[in-house]
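Please look over the model shown below, together with its sequence, before turning to the briefing that follows.

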Amino acid sequence: RELKASAAKRKPMILIQEADPDRGGLALGAAMRDCPDELKHFVFGTLATHRQVIPWHRVHDYQLLTMQMIASHIVYTCSYANTASGMRNTVSGDTSENPRETVTAIADE
């Protein structure tokens, strides 16, 4: 129900895949197969515009990388949306050198 509502409102979405099958992880092919046909394009994109899938790992260092990828996706999505409204996003902090730093997005009016 929530996925259908998100698709209807064209809300941005991030796909995060649990990598551990013992914790409910599902192979991407199985997730695509189980997804209702009317939502596949919204969830996974098309061949030309496929949606990036971010793997979720249980190892601490990989979790930091996953969080960095999620933050980057959010900043990009906000930047894309705010460009149309005249706002500009900037990111302070370079996490490539120190992945433990916090990435902050600041919207400038």
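A residue is called buried when its relative accessible area is under 20%, exposed when that area is over 50%, and partly exposed in between, with a 1.4 Å probe and protein chains only. Of the 109 residues of the chain, 17% count as buried. This is a predicted model, in which local features need pLDDT of at least 70 and side-chain atom pairs count only at pLDDT 80 or more, while totals for chains, interfaces and linings use all residues. Residues are numbered from 1 along each chain as its sequence is written, and side-chain values use heavy atoms, with hydrogens and water left out.

**Fold**

- The chain has 4 helices and 4 strands, where helices (H or I, at least four residues) and strands (E, at least two) are DSSP runs numbered from the N terminus.
- Read from the N terminus, these elements follow the order α-β-α-α-β-α-β-β.

**Largest pocket**

- A pocket is defined on a 1 Å grid over the protein atoms alone, as an open set of points where a 1.4 Å probe fits, with protein on both sides within 12 Å along at least five of seven lines; lining residues have an atom within 4 Å of a point.
- The largest pocket holds about 460 Å³ of space, a volume being the space filled by probe spheres set on the grid points, which are joined across faces, edges and corners.
- Its lining comprises 17 residues, of which Lys11, Pro12, Met13, Arg51 and His73 are the closest to the centre.
- Helices H3 (40-44) and H4 are the elements that give two or more residues to this lining, and H4 gives the most, with 3 residues.
- By class, this lining has 7 nonpolar, 7 polar and 3 charged residues, where Ala, Val, Leu, Ile, Met, Phe, Trp, Tyr, Cys and Pro count as nonpolar, Asp, Glu, Lys and Arg as charged, and the others, Gly among them, as polar.

**Second largest pocket**

- The second largest pocket has a volume of about 260 Å³, and of its 16 lining residues Leu15, Ile16, Ala31, Val43 and Phe44 lie nearest the centre.
- Two or more residues of this lining come from each of strand E1 (15-18), helix H2 (28-34) and H3, with E1 giving the most, 4 residues.
- The lining of the second largest pocket divides into 12 nonpolar, 3 polar and 1 charged.

**Tyrosine 62**

- Tyrosine 62 is found in helix H4, which covers residues 60-85.
- With a relative accessible area of 47%, Tyrosine 62 is partly exposed.
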